[in-house]
Amino acid sequence: MIPEIGLFLCVLALALAVVQVAFPTIGLWRRDAAWLAMARPAARAQFACLLAAFAVLVHAFLVNDFSLVYVAQNSNSALPWPYRVSATWGAHEGSLLLWALILAGWTLAVTLRDRELPGDIAGIVTAVMGLVSIAFLLFMLFTSNPFARELPAPPDGADLNPLLQDPGLIIHPPMLYMGYVGFAVPFAFAIAALVSGRLTPGWARWARPWALTAWLFLTLGIALGSWWAYYELGWGGWWFWDPVENASFMPWLLGTALIHSLAVTDKRGTFKSWTVLLAIGAFSLSLLGTFLVRSGVLTSVHAFATDPARGVFVLGILGVAVGGSLTLYAWRGPKVLAGGSYEPVSRETFLLANSLLLAVSTATILLGTIYPLVLDALGLGKISVGPPYFNLVFGLLMLPLALALGWGQFARWREDSLRRLWGQLRYAAGAALLLGVCAVFVLDGPTRITAAIGLALALWVALSTLVGVWQRCAGRASPLATLLAQPRGFVGQVLAHLGFAMTVAGVCLTGALSVDRHERMAPGDSVELGGYEFRFESLNEFTGPNFQADEALFLVTRNGRTVAELRPQKRFYKVRGMPMTEAGIDAGFTRDLYVSLGEPLEGRAWSVRLHYKAYIRWIWLGAVLMAAGGLIAATDRRYRIKATEPAAGVATQEA
Amino acid sequence: MTPRRKRMLTIGLLVVGMGLATALILNAFNQNLMYFYSPSDVVAGKAPAARDFRIGGLVVVGSVKRAPDQLDVEFTLTDMKQQVTVRYAGILPDLFREGQGIVANGKLGPDGVFAAREVLAKHDENYMPPEVAEALGHPGPDATLTRPAQ
C-alpha cells in the first residue's frame, strides 16, 4: 500500500507542476499579480510531494520490499543499511526521482528568496522550472516508474552493483545532481530575461549566487567521482575522459564561463547576450549529460539500462529545451543586447578571453564525446576517441586560460595599460618562469616539458592571486583587519583561483613524478618503488557482510622504518557473482602509496599493481578549495541586499 | 588607431586565432580516432597495420596462456567465424574470463598477433560490450566496461 502512495504523490507533484506553469503564464498574459503569485505555493507543495515520495522509496529499500521491481533489482537483504539507503539513487528509476526532487528543492529555494524579484520575473522563473519538472516527471512516470510492482515478490533482491557499494558513491550522485539541476535556475533567469525583455544589471545580480551555488556542487560532484574512480576501480587512474565524465565536465566548463561572465554583466552591464547564451548552454549540457548517462548509448558504469524509449524521451526534452530557448534567444536576444564599452586592455577583455577559451574547450570535448555516437547511430562505423586527443587539446587551451587568469584578476574594469599590469606582476611572472625552467631540469620522463609548463602556470596563477591580496592589505594601518574585512566575493575569488592552481599543480606533479609497477608477487616477496619497499607479508581470508575476500597484507618501509600497512582485497560478491578489487591506500599530502590485487596465479602468487602517486591529493584538494571559494562568494552581502532595478521604470513591458 | 580600425584588428586576430585552434584540434582529433574491427575484419586484412584500433570478441575457452614468472598473457578472440591471437603484458580486468566478451585496444603486429595496450571487460554478469554483441551478429544488453591499467 505504501508504495502506491509514493506513486500517487508523484502524480500529484506532476499536477502541481502544471499549476506552477499554467497560473503564472495566465497571470503574465492578463497582467494579474494574483495569478502570478500562485506559482509560489504550487512549487512548495510540489517539493513536499516529491520529498514524501522519495521517503517512501527509501522506506521500501529499508524494509526490503522486494515486490517493487526497482528494489528487487538493486538491493538485497544482506546489504548493509547505509547502502540500502544509497541504493535508492543507485540506478535509473530512483536517480530520476532524486533529479526531480532536487529540481523541486531548487525551485523551493527560489520561491523563498524571490521577494527581491519583480513579480513577473519571479513568476516566469518559477514557471520555467515547472516546465522542466513536468518534462522529467512525465519521463519518470511513463518510462521509469520506481514504484512498479511485481507480484509475487522474489524471495530476495539481486543486490546493488558492488562498484556502487562505497561511501563515496553515497554522496557523489546527489552532489552532481545538485550541480546539474542547479543550472536550471540561471537558465530560468535567462529565459525570464528574454521573455520580459528586461536584461538589467540587476538580473545578473540575482542570477549570480544561484549559478555559483550550482557550480560549487558540480565541482564537488566531479571531484568525488574522480576520487571514487581512483580508489574503487583499482588501477590508480583519476580521470579517463570517459564520455560519462565528459558529460559532467562540459556543463562545469560552461558553468565556469557563466559565473565569470555574470560578474561582468553584474558589475559593468556588458556581455549580456553572451551571459544569457552561457546560461542556456550550461543547462543544455546538463540535460545532454542526463541523456548520455541515462539513455544507455554509452557503455560505462553509469549506463544503467538500455531502453530506447528512455533515450528518445530525454532526447526529446533536450531538443525542446535547447531548440526552444535558442529560438527565443534569436528572437529576443537583439533587444537585450547593448552595454558599456571597454578598451582592448581591460578586465572585460581578459574575462572575454576566459569565456571564449572555456567555450572552445567545451566544444572540443563535445566533439570527442558526441562524434563517435553520431557515427555509430548513422551506421558509419564504430570508433572511439583516445585520451591523447583530450589531453593535448584541453592542455593547449588551458595554457592561455591560465595566462589570462593571472593578468585578468589584476586588470581594471574598462581600461588599463599593459605597462601598469607588467609593473605589478613582473616578479610573479619571473618567479613562475624560473620555476618552469628549473622543473625542466629537475623532472625527467617523457612528460617533463608539459609538466614544467603546467607547474610554471600553476605558480603564476597562485602568485598573481597572492600579489592581489598583498596589494589590498599591505601598507594599511592593520593589514590583518583589512584582510578580514575584504568582501566575500573577493575572498571567494582568491580561494577558487588558488584551488585552480593547486589542481593544475597536482595534475602536473602526479603525471611527472608517479611511478607504478605490475608485479607477480607471492607472500614473502618484496619490491622497491619510488624509494619505498613494498613487502607482501601474508595472504588471509576476510569475510564481509555480503562478500568473501582474499586480503593481502603489505608492509611498506622506507630506510628500514615502517611507513604503512596496506590491506588490499579481492572481493567476491556472492549475490551478483562479481569480483571486485579494493585497493589498499596510504594517503598523504605529498604522496599516496597504492596497492591493488590483480588475479591469483599458481601457488599463492598474485599479480599485483603497485603505485607511488605523487601529489595526487592536490587535484581533489584544489577542487575543494574552488568549491569553498564558490560558497564564500555566493554568500556575499551584495547579493542579499534587495536588488534595486534601475532600469525597471524605463523598461517596457513587452511580454 | 581609429575605433573602427581597432575593431577590425580585434576581429581579424580572433578569426586567425580561431582558425588556427580549429585546425590544431581537428588534426589532433583525426590522429586519435580509434576504429573498431571484428576478428573477421582483421583476418580479411581490413584493419590498419600502422595505427591503433579496437578489437572485440569472445575469449576462446582454453586459449588463455600465461607465461611462467611473468605477467605476459596470450589468448584467442573469436567472433564465431575467425580467430585472432591477442598478446598482453599486465593485469587483466576483474571480469576477464574465458568464454566471455572483451574489447582490447592496441596494434596489429606483422605476425598477425594483436598486441594489446589495454584490455576492457564487461563489468556485470549479464552484460556484453555492444560492439562485441554486434560483431557476433546478435544484439546484446548494454555493457559496463572497466579497464585495467597499462
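The expected span of a helix is 1.5 Å times one less than its number of residues. Keep that handy for the opening view of this predicted model.

**View 1. Helix H1 of chain A, end to end.** H1(A) covers residues 2-30, which makes 29 residues. From its first C-alpha to its last, the helix reaches 42 Å, close to the 42 Å expected at 1.5 Å a residue. Look just past the end of H1(A) and you'll find A:Arg31, with a positive phi of about 50 degrees.

**View 2. Where a strand of chain A meets a strand of chain B.** Here S1(A), residues 383-385, pairs with S1(B), residues 33-37. To get your bearings, find A:Ser384: the residue standing opposite in S1(B) is B:Met34.

**View 3. The partner of S1(B) within chain B.** S1(B) also joins S2(B), residues 53-59, through two bridges.

**View 4. Chain B as a whole.** Zoom out and chain B shows three helices and eight strands. Walking along the sequence, the order is α-β-α-β-β-β-β-β-β-α-β. Of the 150 residues in this chain, 37% are buried. As for contacts in chain B with a separation of 6 or more, 48% come from residues 24 or more positions apart.

Notes: Residues are numbered from 1 along each chain as its sequence is written. Chains are lettered from A and ligands numbered from 1 in the order in which they are written. This is a predicted model: local features need pLDDT of at least 70, side-chain atom pairs count only at pLDDT 80 or more; totals for chains, interfaces and linings use all residues. Two strands pair if DSSP finds at least two bridges between them. Helices (H or I, at least four residues) and strands (E, at least two) are DSSP runs, numbered from the N terminus. A residue is buried if 20 or more other C-beta atoms lie within 10 Å of its own, exposed if 12 or fewer, and partly exposed in between; C-beta atoms are placed from the backbone. Two residues are in contact if their C-beta atoms, placed from the backbone, lie within 7 Å.
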